[in-house]
Amino acid sequence: MSRPFTPAVVTASDLRGGHVVWLAADDRWVRDIAAAELIEDEAHAALRLLHAQSQPLVVVGPYLAEARRGPHGPEPAHFREIFRSRGPTHLLPGPGPGPVQPAG
Amino acid sequence: MYSYSDFDEAFVRARVAQFRDQVDRRLAGALTEDEFRPLRLMNGLYLQLHAYMLRIAIPYGTLNPSQLRQLAMIAERWDRGYGHFTTRTNIQFHWPRLVDVPDILAALADVGMHAIQTSGNCVRNVTADHFAGAAADEIADPRPYAELIRQWSTDHPEFSFLPRKFKIAITGAPADRAVTRSHDIGLRMLRDAGGAPGFEVLVGGGLGRTPMLAQVIRPFLPEAELLPYIEAILAAYNAAGRRDNKFKARVKITVFEHGLEAFRDEVEARFAEIREGFAGVDAALLASIRASFAPPPLAARDPAPFHAALARDGAFRAFSDTNLSPHRHPDHAIVTVSLKAHGATPGDVSADQMRALADIAERWGHGELRVSHEQNVVLPHVARADLPAVWAALKAAGLATANVGLISDIIACPGMDYCSLATARSIPVAQAIALRFRALELEHAIGRIKIKISGCINACGHHHVGHIGILGLEKGGVESYQVTLGGDATEAAAIGERAGPGFAHDEIVPAVERLVEAYLALRDGPEESFIDTFRRLGAAPFRAALYPREGRRDAA
């Protein structure tokens, strides 16, 4: 018997800005994983990933990242994806975030 | 330092224009990501965990104040106000947008900088002793040779698609501050019986998943034969190196699989073929390069103000004890500026600090700055009389941490806080160790010790050559840290041995603390450093300290 499908989100890097984005149910690319679409069906996941892969002028390297349902929306399952969703875990030097990067 | 010739200037500008066009074509859809990736990597642009990362070359770690000011400008205008110095003496910006990178490269070209060959399977930035041109123990400044190799290797048509990346390090002093034995080629200056300069040539070193120390392929290579001999090594490697398996493609594996003798035969045969072709062109070039590295005029200066400050100020004395090294001119010193303030990210430097360093170098340091592979900045020529003023200026910029060579002076790669290859974080481990030992107020009592941390098996944090090495891995869905002991990055180079099972993220700092406590209990007086105690006693007592429960189990 094949392994049951683990819920996932589609994530990628924004082509122009390089920042992390997730695919929402309404096809927008969002900056907050909580606003992403949690995909619980394997066939639907394949379709959503295809949809992401068909946008090479918007995103780079889309993939399915394991996620789980949280109180405010999807949450990353693996620690790598936790860091990816929150940014570096150490205090950054300098005055803080630089130029605002528009989403999408 | 070396200034760009018209040729260099035109070459770099052409590259910027070329890359601007490549970015435009990627954004317009004329290039796919698969087509674009190698082009951006050739210009030092990676796509990392959170953003693009631009790795900018700092050839042999040498910078001038206007370059550092320009890096500060770039950090503020196009990034997040800071940069990160790496273990290969480059600087990385961790947040540039793709659309801004052509402008960043143009701004770099304005000050004679670029990101060419900071990635890809080519000859990478040639690193050198960060005390070059200043060290009291130096035979000759290694940087003219490094610059000669840089010019020869840049866009070299034969060596632009090597089996794998290729790193060269060079030292001009018997003390090896450039970790030559961990490089694909290590060059160590020597003099022959007649006093003529030359090199001990080492080949096949590297860290990563298969750590190996470079072996001597030529005990003495006359200076004049440097370039043809290196070309012969590259040619032999280019032909024999494996292209079927990325993990077996470095020259260390070629040397290992073929054997040093067989590889040497290949190199010598190739050398015999090409030696004539160089016909002195390289010597003429070297002579012209050497003029660019003329040492600054160092006048005799009464060091009385230095001694007065030492007597007056304990904090200055602590800084002097750890952060100064002997200069060949007795009235001068080499200042190592620590980028390892307790709790800070090793190697990170803010734009304000870059400008402060540029100002200090200009005012008191003959306009010279170096980046060390240990992720610190060096002011190579400071008059001892000026040290109190330099220290005060560093202090004002948050750069006077007196910990060079101590337990908080840790090398750490960016790890999983930035790097897409990482399997665990490095930076928070370094920060926690530094803060812990400051809280214990043990740092100075512990003395000289090297902790090096990598966030994956690729070993950018040089963990194999740390007295205590820490390797972050993933185990069962969580971060796990493996400890190696007894590594050494100096002329007494050694690969550390794995101590045993890994530690969880919240266990690794206590584990390091137990190691250090064991050392303090076992050492033969404060003069015996951690590595010397380790060499005297072997790993067993340190293993016992790391894994106390196992010992109890064995005893039961």
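Reader: Two strands pair if DSSP finds at least two bridges between them. How many bridges join strand 3 of chain B to strand 14 of chain B?

Author: 2 bridges, with the strands running antiparallel. B:T62 stands opposite B:R370 in strand 14 of chain B. Strands here are DSSP runs of E, at least two residues, and helices are runs of H or I, at least four, both numbered from the N terminus.

Reader: What kind of model is this, and how is it numbered?

Author: It is a predicted model: local features need pLDDT of at least 70, side-chain atom pairs count only at pLDDT 80 or more, and totals for chains, interfaces and linings use all residues. Residues count from 1 along each chain as its sequence is written, while chains are lettered from A and ligands numbered from 1 in the order in which they are written.

Reader: How does strand 12 of chain B pair with strand 15?

Author: Antiparallel, over 5 bridges. B:V337 faces B:V377 across that pair. Strands 14 and 15 of chain B are joined by 2 bridges. They form a hairpin with 5 residues between them, and B:Q375 in the turn has a positive phi of about 70 degrees.

Reader: There's another open sheet in chain B, with strand 13. What's its order?

Author: 1-2-5-4-13, 5 strands, antiparallel pairing. Strand 1 (45-47) and strand 13 (348-350) are its edges, each with a single partner strand, so one side of each lacks a neighbour in the sheet. The twist averages 30 degrees from one strand to the next. Inside the sheet, 3 bridges join strand 2 (52-56) to strand 5 (91-93) of chain B. B:I56 stands opposite B:I91 there.

Reader: Now the interface. How many residues does each chain bring to the contact?

Author: 31 from chain B and 26 from chain A. Contact means C-beta atoms, placed from the backbone, within 7 Å. Strand 13, helix 14 (427-440) and strand 19 (478-485) each supply at least two residues of chain B's side. Helix 14 gives the largest share, 3 residues.

Reader: What's that side made of, by class?

Author: 15 nonpolar, 8 polar and 8 charged residues. Ala, Val, Leu, Ile, Met, Phe, Trp, Tyr, Cys and Pro count as nonpolar, Asp, Glu, Lys and Arg as charged, and the others, Gly among them, as polar.

Reader: Helix packing next. At what angle do helix 7 and helix 8 of chain B pack?

Author: About 110 degrees, with axes 6 Å apart. Axes are lines fitted to C-alpha atoms, for helices over the stretch in contact, and angles run from 0 to 180 degrees between N-to-C directions. Helices 7 and 8 of chain B are therefore roughly perpendicular. Under 35 degrees counts as roughly parallel, over 145 as roughly antiparallel, 65 to 115 as roughly perpendicular, the rest as oblique.

Reader: And helix 12 with helix 13 of chain B: what angle there?

Author: Roughly 170 degrees, with axes coming within 10 Å. That makes helix 12 roughly antiparallel to helix 13 of chain B. B:A356, B:I360 and B:W364 of helix 12 meet B:A389, B:V390, B:A393 and B:L394 of helix 13. By class, the contact has 7 nonpolar, no polar and no charged residues.

Reader: Last one. Which residues touch the most other members of the largest nonpolar core?

Author: B:I233, B:L357, B:I433 and B:L515, out of 181 residues. Such a core is a set of buried Ala, Val, Leu, Ile, Met, Phe, Trp, Tyr and Cys residues joined through C-beta atoms within 7 Å. Helix 6 (226-240) of chain B gives the largest share, 9 residues. Not counting residues up to four places away in sequence, B:I233 touches B:I185, B:V203 and B:V267.

Note on methods:
Contact = placed C-beta atoms within 7 Å. Buried ≥ 20, exposed ≤ 12 C-beta atoms within 10 Å, placed from the backbone.
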